[in-house]
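Reader: Could you take me through the aromatic contacts here, with the cut-offs spelled out as we go?
Author: Gladly; here is the structure to look at.

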Amino acid sequence: MNQAINPAGWLIGQTATGLNHLNWGIKSGNHVYVAGMLSNDPTTGAIVGEGDIALQTRRVLDNIKVVLESAGATMDDVVMNQIFLKDLDDYHAFNDIYVTYFPGLLPARFCVSLDLVRSEYLVEIAATAVIPS
């Protein structure tokens with residue numbers, strides 16, 4: 001059975017009819033799927049690190065870590081990251097921060113450049129983790 005993962009105090013968007021249109025993560029068996037994470041403070045919605053790829057990368061990865069921990073997983077359990085950068089010129093600065101969150105085995109990943117939902121965002125990451133049995 002699937003379980004919604006929404007850390008306590010985090011904002012959850014709702015439609016006009018009151019239905020939730022976002023879960024920060026889904027736990028299915030021992031798999032955890034973390035939604036595409038942006039550099040917002042999830043308790044206020046404010047963008048963190050506007051114009052700074054290092055600050056935005058840290059916020060995104062910190063947010064992912066909280067969702068994983070809420071599901072009983074850790075960053076060590078991440079097996080795949082889907083990375084979207086606004087500008088590939090930020091690739092090396094992004095990587096400098098990224099590797100510090102995965103000091104052991106780096107997860108598989110892909111990284112593409114594209115326009116994100118708002119121009120202030122520089123990075124978005126969606127993660128998949130597998131909790132060891």
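**Aromatic ring contacts**

Author: Phe-94, Tyr-98 and Phe-102 are joined into a cluster by ring pairs. This is a predicted model, in which local features need pLDDT of at least 70, side-chain atom pairs count only at pLDDT 80 or more, and totals for chains, interfaces and linings use all residues. Residues are numbered from 1 along each chain as its sequence is written, and side-chain values use heavy atoms, with hydrogens and water left out.

Reader: How many aromatic pairs does a search of the whole structure find?
Author: The search finds 4, where rings of Phe, Tyr and Trp (its six-membered ring) pair if their centres lie within 6.5 Å, and planes under 30 degrees apart count as stacked, over 60 as edge-to-face and the rest as tilted.

Reader: Which class do Phe-84 and Phe-110 fall into, and why?
Author: Their planes stand at 85 degrees with the centres 5.9 Å apart, so the pair is edge-to-face. Phe-84 lies in strand S4 (residues 78-85) and Phe-110 in strand S5 (residues 108-113), 26 residues apart, strands being DSSP runs of E with at least two residues, numbered from the N terminus.

Reader: And what about Tyr-98 and Phe-102?
Author: That pair is tilted, because the planes are at 45 degrees, with ring centres 5.0 Å apart.

Reader: Switching topic, is Tyr-98 buried or exposed?
Author: Tyr-98 is buried at 1% relative accessibility, buried meaning under 20% relative accessible area, exposed over 50% and partly exposed in between (1.4 Å probe, protein chains only). Phe-102 is also buried, at 4%.

Definitions and conventions:
Helices (H or I, at least four residues) and strands (E, at least two) are DSSP runs, numbered from the N terminus.
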